[in-house]
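Reader: I would like to learn how to read a model of this kind, feature by feature. Please give the general idea, then the case at hand.

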Amino acid sequence: MTDLPRLVIAAPSSGSGKTTVATGLMAALTAKGLVVSPHKVGPDYIDPGYHALAAGRPGRNLDPWLVGERLVTPLLLHGAEGAGIAVIEGVMGLYDGAAQGGDLASTAHVARLLDAPVVLVVDVSGQGRSVAALVHGFMSYDTRVRIGGVILNRVGSPRHERICREALDDMGIAVFGAIPRTAGAATPSRHLGLVPPAERRAEAVAAVAELGDLVAGTCDLEGLIRLARTAPRLPGPTWNPHEAVGEPVGTDVVVAVAGGKAFTFGYAEQAELIEAAGATVATFDPLADESLPEGTRAVVLPGGFPEVYAAELSANEPLRRAVAAFGGPIAAECAGLLYLCRELDGRPMCGVLDATAAMTSTLTLGYRDAVAVRDSLLTREGERHHGHEFHRTRVTLTGDADPLYRWRGGADGYGGPSLTASYLHLHWAGEPHLATRLVSHARL
């Protein structure tokens with residue numbers, strides 16, 4: 001059993017301010033000298049980047065859809081090793097989950113799995129005493145979820161705050177803070193949400209510090225810490241990448257993983273699994289590096305925003321040619337898929353795939369229960385993969401080719417013995433054999 005104080009920061013709906021509060025709370029607690037373990041419910045890649053800046057350690061995702069219920073607590077414990085408190089930011093509204101099944105993969109689902117108290121961030125603009133009815137409804141909807149109190153956001157005035165506090169106090173609901181409507185702390189957005197901090201490092205650091213000051217000045221940090229300490233001890237085991245993959249399958253194998261501003265979407269556990277399988281992970285930046293890392297035997301191209309950097313990626317012709325001539329195993333997700341095409345928005349890319357890619361006005365978003373149609377580098381025919389899709393682009397293949405994955409209402413992906421390329425984002429902690437397959441092929 002592990003003693004880990006923890007809080008889930010949730011909200012009635014998206015846009016209520018939970019990212020502001022969660023990130024600011026992580027920064028404020030860190031500034032107080034606590035070692036904070038930052039986590040995010042769901043498949044989001046961008047919020048964990050801000051969490052990492054706030055806490056000084058990797059932001060990690062907790063997603064029952066991607067990894068299964070049984071791994072949620074072990075992954076939390078893995079991420080929180082050496083930490084004194086865990087702060088878990090929710091996703092969407094508290095009870096909003098995967099469309100395939102009730103509140104599956106919702107914030108409420110994860111809070112129940114972690115037996116963690118919830119703090120509800122409520123946007124009170126446009127309401128007064130009604131906030132008590134709203135919170136009462138959320139508390140009574142599922143009594144298995146323990147809502148320990150609220151933080152009021154976008155409070156209009158001291159009188160507005162007093163009205164809301166009195167209504168909640170009448171019902172015995174704790175208020176841990178009140179953030180004024182005039183608070184200007186914010187992070188910039190674009191077509192897929194917040195701008196990743198890797199793209200604006202100095203501004204992101206300043207924004208996180210501002211959020212920390214905001215939460216420290218408007219919220220009861222000691223009260224929140226006391227609430228976190230009411231969470232019961234958690235049963236083991238702690239997730240371990242070496243135990244997940246078993247015996248290493250490679251030695252002296254370098255796996256090159258794309259990073260930099262254009263490739264920012266990745267889960268921390270992926271690199272840990274690749275290393276546990278016996279390889280060395282070497283990060284390279286397709287915007288700046290003109291060659292793959294020395295000794296590269298496999299390439300991983302994660303998600304990100306290549307469409308934003310299409311001109312710069314195209315201008316790096318030496319690296320594009322190196323990727324095209326590589327010939328070894330390549331695993332590509334979303335942004336990586338686009339980079340492997342002949343062109344992206346009319347600009348030359350690597351040309352590993354005889355396909356073109358272009359931005360569209362349509363957002364493609366959602367969990368996918370995908371079945372592999374055939375074997376590829378990472379897949380085996382008939383295997384089921386729980387993934388996530390999130391993009392505003394379209395890939396058009398020249399000629400005919402069967403998709404790599406099929407799911408209800410859709411299909412996607414390209415592959416062969418040395419290639420898996422798809423829009424599908426997978427969390428390798430839920431499928432550690434993917435790391436084994438990649439490293440095994442790399443050593444051949």
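Reader: Where does UniProt place the feature "active site"?

Author: First, note that this is a predicted model. The UniProt record, an unreviewed entry, puts that feature at Cys334. Such annotations may be inferred rather than shown by experiment.

Reader: In which loop is Cys334 found, and is Cys334 buried or exposed?

Author: Cys334 sits in the loop between β13 (330-333) and α14 (335-340). Its relative accessible area is 5%, and the cut-off for buried is under 20%, so Cys334 is buried.

Reader: Which residues does Cys334 touch, not counting those up to four places away in sequence?

Author: They are Gly303, Phe390, His391, Ser422, Tyr423 and His425. With a relative accessible area of 1%, His425 is buried. Its side chain makes a polar contact with the side chain of Tyr45, at 3.2 Å. Beyond its neighbours within four places in sequence, His425 is in contact with residues including Leu66, Phe265, Glu333 and His388.

Reader: How many disulfides does a search of the whole structure find?

Author: The general idea is that a disulfide covalently bonds the sulfur atoms of two cysteines. Here the search finds zero. Cys334 is in no disulfide, and the nearest cysteine sulfur, that of Cys341, is 11 Å away. Cys350 is in no disulfide either: its nearest cysteine sulfur also belongs to Cys341, at 9.5 Å. The cut-off is 2.5 Å between sulfur atoms. Cys350 counts as buried, at 7% relative accessibility.

Reader: Which residues touch the most other members of the largest nonpolar core?

Author: In soluble globular proteins, nonpolar side chains tend to be buried together. In this model the largest nonpolar core has 112 residues, and Leu94, Leu152 and Leu438 touch the most other members. Helix α1 (residues 18-31) supplies the largest share of this core, seven residues. A second, separate core of 34 residues includes Ala256, Ala310, Leu313 and Leu340.

Reader: How many of the eight residues of helix α9 are buried?

Author: An α-helix has 3.6 residues a turn, so residues three or four places apart point the same way. In α9 (residues 221-228), six of the eight are buried, and the helix is mostly covered. The buried residues are Leu221, Gly223, Leu224, Ile225, Leu227 and Ala228.

Note on methods:
Residues are numbered from 1 along each chain as its sequence is written. This is a predicted model: local features need pLDDT of at least 70, side-chain atom pairs count only at pLDDT 80 or more; totals for chains, interfaces and linings use all residues. Side-chain values use heavy atoms; hydrogens and water are left out. Helices (H or I, at least four residues) and strands (E, at least two) are DSSP runs, numbered from the N terminus. Buried means under 20% relative accessible area, exposed over 50%, partly exposed in between (1.4 Å probe, protein chains only). Contact means heavy atoms within 4.5 Å. A nonpolar core is a set of buried Ala, Val, Leu, Ile, Met, Phe, Trp, Tyr and Cys residues joined through side-chain atoms within 4.5 Å. A polar contact is a pair of N or O atoms within 3.5 Å; within protein, one must be able to donate a hydrogen and the other to accept it, and residues adjacent in sequence count only if both atoms are side-chain atoms.
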